[in-house]
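Student: I would like to go through one structure and ask what stands behind each label.
Tutor: Here it is; ask as you go.
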Amino acid sequence: MSEAMDSVLFSLSKAFCSPLAVFVQIQGCVICLTLAFGWACAAYVRNREIRRIKDSMRAGNSLAFLCQDINELEHSYQANLPRVSVVMPLKGFGEHNLHNWRSQVISLYGGPLEFLFVVESTEDPAYHAVSRLISDIKDNIDARVVVAGLSTTCSQKIHNQLIGVEQMHKDSKYVLFLDDDIRLHPGSIGALTAEMEKNPEIFIQTGYPLDLPSGSLGSYCIYEYHMMHADDFRYDRCGVVSGLQDGGYSDDMTLAAVAGAHKKLITSPPVAVFPHPLSSDLSFSRYWNYLRKQTFVLESYMFKVNWIMNRALFSSHCYLSWGFVMPYLMALTHVAAALRIYIQGYAREETTFVSNGLLLVSCLAACTFIELFSMWNLTRIEVQLCNILSPEAPRLSLATYNWVLVFIAMLVDNFLYPISAFRSHFSQSINWSGVRYYLKDGKINKIERSKDKGPKYTDLAWKHLSGKKAAPPKPSFLGGLLRSLEQWQQPKKFDG
């Protein structure tokens, strides 16, 4: 039996040295180096912003984390700042929400500012939690809870956002849509508003999360906001409102489609990195449904050109995902074959093919090290940037990151992505926190709700969806891996 298994192993190792297999392994190395280069460029941009803030502090501006020019903090300047409305669609209540909401409402923006927390109904646990928060600090902020009711033509998140826009102040110049699972910096709203004021051609400003794992493998694999001109919604410019309302599933994809169709500018400032704490444990079913939601966005579209682009993204992502994973499976085969040869003492002339395999393994290992180093460096710089931008908050640290688990998460996520993408394509339906959406021609055409059969928690943030509380699951190795998958994927999400 052992000899038969060795024979199969050696045959595979030899097959993985064929020209096609060598191409696949070299392609994997190129993918690793491409990712490393992209992360290195992002790290350069973020690090340049850190140097700018530090230079400004050394020059005497101790509040450089709030604004570049200290003169902008004078009352005469602050009094002329534009009004901003912050719209935050909520769903459920979890372990990090209260801290996140506090960071969002306690802003050091000097202009008129209002917060609209939008829930589906008063039965949502988020309604009572955010109502208590507003009651505690009502004298310091302009905030209120808006009950949106059930969506009928679009996703519940988009419905909540549009109801929030309807309720915003008539004089608001900008509207900032926030997901409820990130933490803002004190100067974030001021920085975003300053960018919009400097360049009125900006259609959307967006940003990304810095995922903070809980210490186990599961917290490593998962647009957190967008600021826009309020009048774009008041007057339905470029079809923004109608596009979202008419069967919109993903606000990010819909707005990106509108921007592309009308040649509008989308920007992401270097300071737009926000801490995103992850839940302490995950089950595979919750991670899988999360991944389904991320691949399902490629099935929604507004225009024919969006459909073509989504199909191109679908094909390229699936190809590159498995193109990233396959070389590691081949490398394991080469290493296993080399170990068997060493242990069993086979004649070297019978196993000359293994040296070629080990050479490929060495190249892949070197590229993987460069890739992980680039990822570590980017994360280190983003943690440093977040600490500078929020000096009053508990300091973030790289200590919670387990880079072995991050690497495993990358492999698992890229292996599962094509499976999820094909599942989403052929099903044309998705369960989003107890609500099932069906697509037809890229738009939502049917919504099913069932309170009795719906889940008690959201997929990733482990937020309560009903008033009843149940004990959270015990931490597990699998749960750790799934959180690693969440952090690695880092896409757009609304965990509601």
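**Labels and their grounds**

Tutor: Gln428 is found in the loop between α14 (403–427) and β9; helices (H or I, at least four residues) and strands (E, at least two) are DSSP runs, numbered from the N terminus. This is a predicted model, in which local features need pLDDT of at least 70 and side-chain atom pairs count only at pLDDT 80 or more, while totals for chains, interfaces and linings use all residues. Residues are numbered from 1 along each chain as its sequence is written, and side-chain values use heavy atoms, with hydrogens and water left out.

Student: Why is Gln428 called partly exposed?
Tutor: Buried means under 20% relative accessible area, exposed over 50%, and partly exposed in between (1.4 Å probe, protein chains only). Gln428 has 22% relative accessibility, so it counts as partly exposed. Its phi is near 55 degrees, a positive value in a residue other than glycine.

Student: Which class does Cys238 belong to, and where does it lie?
Tutor: The relative accessible area of Cys238 is 25%, so this residue is partly exposed. Cys238 lies in the loop between α8 (230–234) and α9 (240–245). Its phi is positive, about 60 degrees, although Cys238 is not a glycine.

Student: Is Cys386 buried or exposed?
Tutor: Cys386 has a relative accessibility of 2% and therefore counts as buried.

Student: How many disulfides are there?
Tutor: A disulfide is a covalent bond between the sulfur atoms of two cysteines. The criterion is a pair of cysteine sulfur atoms within 2.5 Å, and a search of the whole structure finds zero.

Student: What makes strand β1 largely enclosed?
Tutor: Six of the six residues of β1 (residues 84–89) are buried, so the rest of the structure largely encloses this strand. Val84, Val86 and Met88 point one way, Ser85, Val87 and Pro89 the other way, and all are buried.

Student: How do you know that β1 pairs with β2 and β4?
Tutor: Two strands pair if DSSP finds at least two bridges between them. Six bridges join β1 to β2 (residues 113–119), and four join β1 to β4 (residues 174–178), so both pairs meet that definition. β1 runs parallel to β2 and parallel to β4. At Ser85, the bridge partner in β2 is Glu114, while Val175 stands opposite in β4.

Student: What makes β9 and β11 edge strands?
Tutor: They belong to an open sheet of three strands in the order β9-β10-β11, with antiparallel pairing. β9 (429–432) and β11 (443–449) each pair on one side only.

Student: What lines the second largest pocket?
Tutor: On a 1 Å grid over the protein atoms alone, a pocket is an open set of points with protein on both sides within 12 Å along at least five of seven lines, whereas in a cavity a 1.4 Å probe fits but cannot get out; lining residues have an atom within 4 Å of a point. The second largest pocket has 37 lining residues, of which Leu66, Cys67, Gly190, Ala191 and Ala194 lie nearest its centre. α7 gives the most to this lining, with nine residues.
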